[in-house]
Amino acid sequence: MTATTTQPAPVAIGEHLVGPNQPVYVIGEIGINHNGDVENAKKLIDVAAEAGAQAVKFQKRTPEISTPKDQRDKIRQTPWGEMTYLEYKYKVEFEEAEYSEIASYAKEQGMQWFASPWDVPSVEFLQKFDIPVYKVASASVTDHELLRAMKDTGKPVILSTGMSTLEQIDAAVDILGTDKLIILHSTSTYPLPPEEANLRAIHTLQERYGVPVGYSGHETGLQISIAAVALGAVAVERHITLDRAMWGSDQAASLEPKGIENLVRDIRILEQALGDGDKRVMPGEFSKLSSLRRIDA
């Protein structure tokens, strides 16, 4: 990979351009925080829409393929009683009827929706809905068959990079190409401690691949995500939930409705504050210039 110093061209995700000098693309990661309930999914779409996010994201699996074999028969305590891990995965998985309902509802709310497919049949499943972009989950960076299936759709791809070395990301980018690629810096620790955020890796990825780079966060609070934007992240993805006390492995590291609302608010303020980098006297300074400066240059 060769380093680049030029700003990458933005990538079109439907009607939104994602890249430098564009509004930060905010994704509310619903994932499986709906707990298999379409009504919960709709409420979470409402949360993201009311906060001002541009998109929501789900996860799509074929459980008998994507669930590790050594985990399938392990017994889990769930809200629906005791069941195997594979049974649980089916319990929270949406199929065509549910996604049709979600697609219609998201459109009514003016929201984009898409998903992370965890296996090749899930890519084929999502093709039915003409989603605007595919998302590679951090766990799938080294699944080259899956990456090729997403590349073959011709749609833009967002690549999360948690749990991955630069060499593994190199191999993924070689498959996906850079024409319609957005990379997200991420650390797959739930919840994320600040010392593992490593936000300067945003610059590393920008320089190495020459594509728009964003941030996918799993921390509690907003500070790290805001700092990512200040460092040049063009997209921010955060898990959202109706209540962090709800059952589920991702709930505790998710933002509640007020949290995602505050995140979008602060990102939009920061976008204005970053400016264009041209040092000059600002309009609001002129009155102070005349009243405070004694000697003109």
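How far apart are the mean positions of the positive and negative charges of the chain? In this predicted model, in which local features need pLDDT of at least 70, side-chain atom pairs count only at pLDDT 80 or more and totals for chains, interfaces and linings use all residues, the 30 positive charges (Lys and Arg) and 42 negative charges (Asp and Glu; His and the chain ends not counted), placed at NZ of Lys, CZ of Arg, CG of Asp or CD of Glu, have mean positions 5 Å apart. Residues are numbered from 1 along each chain as its sequence is written, and side-chain values use heavy atoms, with hydrogens and water left out.

The chain contains 11 helices and 12 strands, taken as DSSP runs numbered from the N terminus (helices H or I, at least four residues; strands E, at least two). Its radius of gyration over C-alpha atoms is 21 Å, close to the 19 Å that the globule rule gives for 297 residues, so the chain is as compact as a globular protein of that length; the rule is 2.2 Å times the number of residues to the power 0.38. Buried residues (under 20% relative accessible area, 1.4 Å probe, protein chains only) make up 49% of the 297 residues.

The whole structure holds 12 aromatic pairs, defined by ring centres of Phe, Tyr and Trp (its six-membered ring) within 6.5 Å. One of them joins Phe58 and Trp113 edge-to-face (planes over 60 degrees apart), at 6.2 Å centre to centre and 80° between the planes. This pair links strand 4 (residues 55-60), which holds Phe58, to strand 7 (residues 112-117), which holds Trp113, across 55 residues.

Terms used. Buried < 20%, exposed > 50% of the residue type's maximum accessible area, 1.4 Å probe, protein only. Phe/Tyr/Trp six-rings, centres within 6.5 Å; stacked < 30°, edge-to-face > 60°.
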